[in-house]
Amino acid sequence: MYVLGITSYGHDSAAALLHDGRLVCAVEEERFARKKHTGEFPARAIQACLAAARIRADQVDAVGFYWNPWAQIPRRGMHLVRYFPDSLALLSLKLNTVSSRWSIPGKIRDFLGKPSLPVHMVEHHLAHAASAFHVSPFDEAAILSIDGTGEWTTTLYAHGKGNDIRKLKEVYFPNTLGDLYTAVCVYLGFMPCSGEGKVMGLAAYGDPNPWYEPMREMVRLKGEGDYVLDTRNFLFHVKGEQEWYSPRMVQVFGPARHPEGPIEKRHEDIAAALQRVLEECVMDLVGYLKRATGSDRLCLAGGVALNSVMNGRILREGPFREVSVQPAANDAGASLGAALYVYHCIHGGARGYVLDSAHLGPEHSEDEMLKAAGASGLPAQEMPVEDLVPRVAEALAQGKIVGWFRGRAEFGPRALGARSILADPRRKEMKDILNFRVKHREPFRPFAPAIPLDRCADYFERGYPSPFMLLVYQVLAHRREEVPSITHVDGTARVQTVDKRIDPVFHSLVDEFGRRTGTPVILNTSFNVRGEPIVNSPEQAVACFLGTDLDALALGNRWIEKPPGFQPLPTAKRELD
């Protein structure tokens, strides 16, 4: 049975395809559209999934869509009445979005050319929950889905057993920790649904104490998983994404930062206060969930679950022995969840698939690699992987920055050894070189380490697997000077553990670098420049290589190195996001 899952008409559009419950392919539409977080219909992502499975469109048996526009209509109506007439702007915005989603079954059937195709409208947070639980290694687990809003739910507490996902409690809009974080993100001059990760990184530079009390007053914990936002500080509940925060927030915290303005100490402190409040609130929520389920295992999903600092604290201080977050915890992953919900909860398909690798996207042929390498205008040396790995490891040890493009693309926002830029973490200057000369992004943003799973505890506070870069650990104090370019200002790192069984080639590279240098850690960041999605084709990889200060490119089994004095070409698009 082939089940297609779709996310569309919001942000982070994506498609995922299951065959008898096993994930064949999953990919975001932004990789093809070249627009970060695009919400457009994922036509190219769907085609990529069909191509990966080598099936025709009419062979799809069912579709799951990540949103049910009919859910919770009475609650929406009550909200509009409560905030009338200010809510008229929100009504207009919601009607446009809902009309697009109401028409989605017909659009999907037309696109796939199958008029009788069953299209199931899955509640948003149930899709998130399924994306976390049904691909986890757990037969039973507590589930927390938390984001801005889905239909009208902002937080879902659930309990998973076998195929079943049972709702325990929901928190409803406008009480939303996701939109609280986004509103402050916008106040700090960053883009909504994009800049939240920047705020998380910025928070490490700040002192939360000066702004903690006013930030904490914006959300009140009521106990038993309930919380309430003080809506006087916000406008998103009546204006939607057109306006996020109110004049009252400016009165309390001072003037908002211009998107390209300087970052002041006040901005760092406000970010730190926000991050602390989020963590404290979520620690309270997981405490309730533990009491409600009695489980030792937690599955996290929703856009807030991309906050790897928060996830690390849950693992470190929370009541659960094991924590699982799949790589596309945001709305892109809800496409996977919608398909899983249809297969397991509606059709009763047996579980058996565990998502242990993010390498789920498109793969490119040798002919495509060869053509792109030839178009670079530079010599491309082809070699077997057992020769390529030492070549790359030696280049990294010499301080060179290497683009790494091979195999299937990652699903989710993190590069995990398929579409990566790699560098030596021992060089303190490498962070600034990458931010200024390669990535063209803000100087406060940190870089992540990749390390063999069995060496993780030698460099970080724990050895718990973090295969998808969604857990932040403390770097051991005696290791921080050894790996300065992946150690954030607060002594932490967003860790990627590499399992030899799952990714033998990337593991061999990190291991080889360790043998040559004594440090089994590689700096790993996404293969893109600021404002662009991660490269999605060999041609895009070559263009990014030629247009930045990357020194070399490992394109499949081909090695391309720039000659001394090579000047970057104006081929890499550098938009500000």
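Trp152, Phe173, Phe234, Phe236 and Trp244 form one aromatic cluster. The model is predicted, so local features need pLDDT of at least 70 and side-chain atom pairs pLDDT 80 or more, while totals for chains, interfaces and linings use all residues. Residues are numbered from 1 along each chain as its sequence is written, and side-chain values use heavy atoms, without hydrogens and water.

**Exercise 1.** Find how many aromatic pairs the structure holds, and classify the pair Phe65 and Tyr66.

*Solution.* 
- Rings of Phe, Tyr and Trp (its six-membered ring) pair if their centres lie within 6.5 Å; planes under 30 degrees apart count as stacked, over 60 as edge-to-face and the rest as tilted.
- The structure holds 13 aromatic pairs.
- The ring centres of Phe65 and Tyr66 are 5.2 Å apart and the planes stand at 80°, so this pair is edge-to-face.
- Phe65 and Tyr66 are both buried (under 20% relative accessible area, with exposed over 50% and partly exposed in between, for a 1.4 Å probe and protein chains only).

**Exercise 2.** Locate Tyr157 and Tyr288 in the chain.

*Solution.* 
- Helices (H or I, at least four residues) and strands (E, at least two) are DSSP runs, numbered from the N terminus.
- Tyr157 and Tyr288 form an edge-to-face pair, 4.9 Å centre to centre with 80° between the planes.
- Tyr157 belongs to strand S7 (residues 153-161) and Tyr288 to helix H12 (residues 265-293), 131 residues apart, which links distant parts of the chain.
- Both Tyr157 and Tyr288 are buried.

**Exercise 3.** State which way S18 runs relative to S16 and to S17, and why S18 is largely enclosed.

*Solution.* 
- S16 and S18 run parallel, joined by 3 bridges; Ala450 has Gln496 in S18 as its bridge partner.
- S17 and S18 run antiparallel, joined by 4 bridges; Val472 stands opposite Arg494 in S18.
- Of the 7 residues of S18, 6 are buried, so S18 is largely enclosed by the rest of the structure.

Note on methods
Two strands pair if DSSP finds at least two bridges between them.
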